Amino acid sequence: MTAIHAEGLRKSYGEKSVLDGIDLRIPEASVFALLGPNGAGKTTTVQILSTLIGADAGEARVGGYDVVRQADDVRRSIGVTGQFAAVDGLLTAEENLLLMADLHHLSRGEGRRRAADLLERFDLTQEAKKAASTFSGGMRRKLDLAMTLVGEPRIIFLDEPTTGLDPRSRRTVWELVRGLVEDLGITIFLTTQYLEEADQLADRIAVLHGGRIVAEGTAEELKRRIPGSHIRLRFADERRLDAAARVFEVAQRDPENLALQVPGDGTPATVRAVLDLLEAAAVEAESLTVHTPDLDDVFLALTETQKTATV
Ligand SMILES: Nc1ncnc2c1ncn2[C@@H]1O[C@H](COP(=O)(O)OP(=O)(O)OP(=O)(O)O)[C@@H](O)[C@H]1O
Ligand SMILES: [Mg+2]
């Protein structure tokens, strides 16, 4: 079943068009990452899908409900964790969760049971009685996520869930999010600026740029869309660079850095072939590095072409 389905979403603020026709189809129990630079419209998309603001045009269904005509049903099916945590620092972790249980009209017993379950799932049982103001950024994020889950949503929107967290805390949040999908079958709609996050977490990734989705697919599919890996050779001076450039005719010169980029994968056989050719031509390289494209390259390539196309 499709958890989130959108067609032709448009949104402008005054003269400024933010979303210029966005289509989405996100299967249940999967992680979808919406990737884009600052101001691309990620939060705007989340706001439309979570019924906080209306689109100017287009349609969206979330959890099977129309975001305009059945906004209450949508709200009952989703949880939203915003760019800024909703945790109340004066309350303890447990009190924050019980407050959410009250907001969802759960009975006292049911509220306590869910709070205890979530504290355990998020490894916060030790901190249950401590004021949230004493928590580190990572613990606050975990508590924020736990609070989102009190209402047992089927779909969760996470707007930049790990911005500002150190690599270890980021990894912890990733594991928790993965667990939600695998154990509970929850669908995750995630926005992020971290390509590694999308790579690690998402089943499918969409790149938002210039108001449109400029690419969509798995991390592997996206990586395959851009020029492949290469071997980078650096030389001590221009004379050696020129000599090497004559050996590798298809290579790309980077004279500023006295470097040469030879297309090819990083297998030992390829690396050996490159070194053999250099040796045969009696050219010595200062260094050799193998470069495999990552999502950063995809992202830069996609947002770059778009930019030059619009100038
Ligand atoms: N209420 C508003 N009024 C006017 N302009 C707005 C409003 N909300 C957002 N915008 C503009 O819409 C564009 C997209 O904003 P949005 O917050 O969706 O971007 P984002 O991709 O979430 O960026 P970030 O990575 O910085 O969070 C920006 O240019 C922003 O200035
Ligand atoms: Mg945002």
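Here are some questions and answers on how the labels for this predicted model follow from its coordinates.

This is a predicted model, where local features need pLDDT of at least 70, side-chain atom pairs count only at pLDDT 80 or more, and totals for chains, interfaces and linings use all residues. Residues are numbered from 1 along each chain as its sequence is written, while chains are lettered from A and ligands numbered from 1 in the order in which they are written.

Q: What makes a residue part of the shell around ligand 1, and which residues are in it?
A: The test is a C-beta atom, placed from the backbone, within 6 Å of the molecule. Y13, V18, G36, N38, G39, A40, G41, K42, T43, T44 and Q193 surround ligand 1. Helix α1 (residues 42-49) gives the most, with three residues; helices here are DSSP runs of H or I with at least four residues, strands are runs of E with at least two, and both are numbered from the N terminus.

Q: How does that shell divide into nonpolar, polar and charged?
A: Three of its residues are nonpolar, seven polar and one charged. Ala, Val, Leu, Ile, Met, Phe, Trp, Tyr, Cys and Pro count as nonpolar, Asp, Glu, Lys and Arg as charged, and the others, Gly among them, as polar.

Q: Why is R178 called partly exposed?
A: Because R178 has 14 other C-beta atoms within 10 Å. Buried takes 20 or more other C-beta atoms within 10 Å, exposed takes 12 or fewer, and partly exposed is in between, with C-beta atoms placed from the backbone. R178 sits in helix α6 (residues 167-184). Over the chain, buried residues make up 37% of the 311.

Q: How does the radius of gyration of the chain stand against that of a compact globule?
A: The chain has 24 Å, whereas a compact globule of 311 residues would be near 19 Å. The radius is taken over C-alpha atoms, and the globule rule is 2.2 Å times the number of residues to the power 0.38. Along the principal axes, the C-alpha atoms fill a box of roughly 80 × 45 × 35 Å.

Q: What makes a set of residues a nonpolar core, and which members touch the most others in the largest one?
A: Buried Ala, Val, Leu, Ile, Met, Phe, Trp, Tyr and Cys residues must be joined through C-beta atoms within 7 Å. The largest core has 50 residues, and A33, L35, L49 and I188 touch the most other members. Strand β3 (residues 31-35) supplies the largest share of this core, five residues. Another core, of 17 residues, lies apart from it and includes V87, A115, M139 and L145.

Q: Why are β2 and β5 said to stand at the edges of their sheet?
A: The open sheet has four strands in the order β2-β1-β4-β5, with antiparallel pairing. β2 (16-27) and β5 (65-66) each have a single partner strand, so one side of each is left without a neighbour in the sheet.

Q: How do you know that these strands pair?
A: DSSP has to find at least two bridges between them. Nine bridges join β1 (residues 2-13) to β2, with Y13 partnered by K16 in β2. β1 and β4 (residues 57-62) pair over five bridges, and E7 has E59 as its partner in β4. β4 and β5 pair over two bridges, with R61 partnered by D66 in β5.
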